[in-house]
Amino acid sequence: MTSSDERQPKRRRLSWLVAFVVVLFAIYSGGWFYLAGRVKSEADKAVATLNKNGVQAGCANLQVSGYPLSFAVSCDNLAYEDDGRNIAASAGSFNAVAQITQPLSPVADLRGPLRTSVPGMVPLWIDWDNLQANVKLSWPLPRRISLQADGLSGQTDPADDTDPVQLFSAGKAAGQLQPNGGDLDYLGSFGDLEINADAIGGRVLPALDASGDVTLKNGIALIGTQMKSLRGQAIEIRNLDLSSGTARVTVSGPLSVDAEGLVDADLMIRLKDPKAVAAILGAAIPEQKSQIEQGFGALALLGSEPSMPLKVVKGKASLGFIPLGKIKPVQ
């Protein structure tokens, strides 16, 4: 066999390989553009459906891009307005990107400010330096949704000529939701939270850090429903931690609200540096400063990190053996 005869099968195999790659890329390209078209049409359909129900919603200048190595959805701004319920919200540009190598893990970022108007609350203006969401998609619900914000701040957003009131600022904040059977787990934290004294009646609080690990019982069933009452709801607090400097308060245990609005709870309260905690509470609640100092002074005798049970039975609360009174039924 001559050398030219030996090269013929190799050329044919190379030609088949090239043809296979071309066909595969053509199928991929067709699928990409088909999906891009479906995203735009489904978004338009969803907006049209909302508008039929008296709601005005929009994702201005919706674009699908990123071909061929990613899939990106963006719009110039987001808006939602429901005149029937007097609810309105708007935000800046939105951009979500899923890489081809991780199609079920899109990353999204949203530009501020977020402006909201809800009955019973003053209009709000919430802004941030950076807000990013990470989603792990699955069916029928995402496996995890995570949010992280830097340079978060909030203020009132008056509709008239009055000056806005600064409410809070936080260096960073994060939250994560994920299904756990029929329940919904939440992990969250914030750092360097400063609450403006004018927002809490002139009371003064230092910068705070916090973290929480909580489960909302039957939370999956509540998704998509308009929860109008806390009655019948229950949570499990694995850890709720609030600190400032050496002062720290940690809470854990179950809490629920029955059909009549009465609270039941079996919580454990742990303190670190009770005197520092008392100083913060005394500044925040000056009218109770002497009682706070006396009570926490007694707790300090138990050590630098005392703990005590907080029990609530049908709205009647007690801290250890000390009755605290009755909690009014909640709505």
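Predicted model: local features only at pLDDT ≥ 70, side-chain atom pairs only at ≥ 80, totals over all residues.
Residues are numbered from 1 along each chain as its sequence is written, and side-chain values use heavy atoms, with hydrogens and water left out.

Q: How many helices and strands does the protein have?
A: Helices (H or I, at least four residues) and strands (E, at least two) are DSSP runs, numbered from the N terminus. On that basis the secondary structure comes to 4 helices and 20 strands.

Q: What is the radius of gyration of the protein, and is the protein a compact globule or more spread out?
A: The radius is taken over C-alpha atoms, and the globule rule is 2.2 Å times the number of residues to the power 0.38. For 331 residues the rule gives 20 Å, and the protein is well over this, so it is more spread out than a compact globule. The C-alpha atoms fill a box of roughly 100 × 55 × 40 Å along the principal axes. The radius of gyration is 28 Å.

Q: Which residue in β14 stands opposite Ser189?
A: Two strands pair if DSSP finds at least two bridges between them. Strand β13 (residues 183-195) is joined to β12 (residues 166-180) by 11 bridges, antiparallel, and Ser189 in β13 is the bridge partner of Ala174. β13 is also joined by 8 bridges to β14 (residues 208-216), again antiparallel. In β14, the residue opposite Ser189 is Ser211.

Q: Is Asp213 buried, partly exposed or exposed?
A: Buried means under 20% relative accessible area, exposed over 50%, and partly exposed in between (1.4 Å probe, protein chains only). Asp213, in strand β14, touches residues including Tyr186, Leu187 and Glu236, not counting those up to four places away in sequence; contact means heavy atoms within 4.5 Å. With a relative accessible area of 22%, Asp213 is therefore partly exposed.
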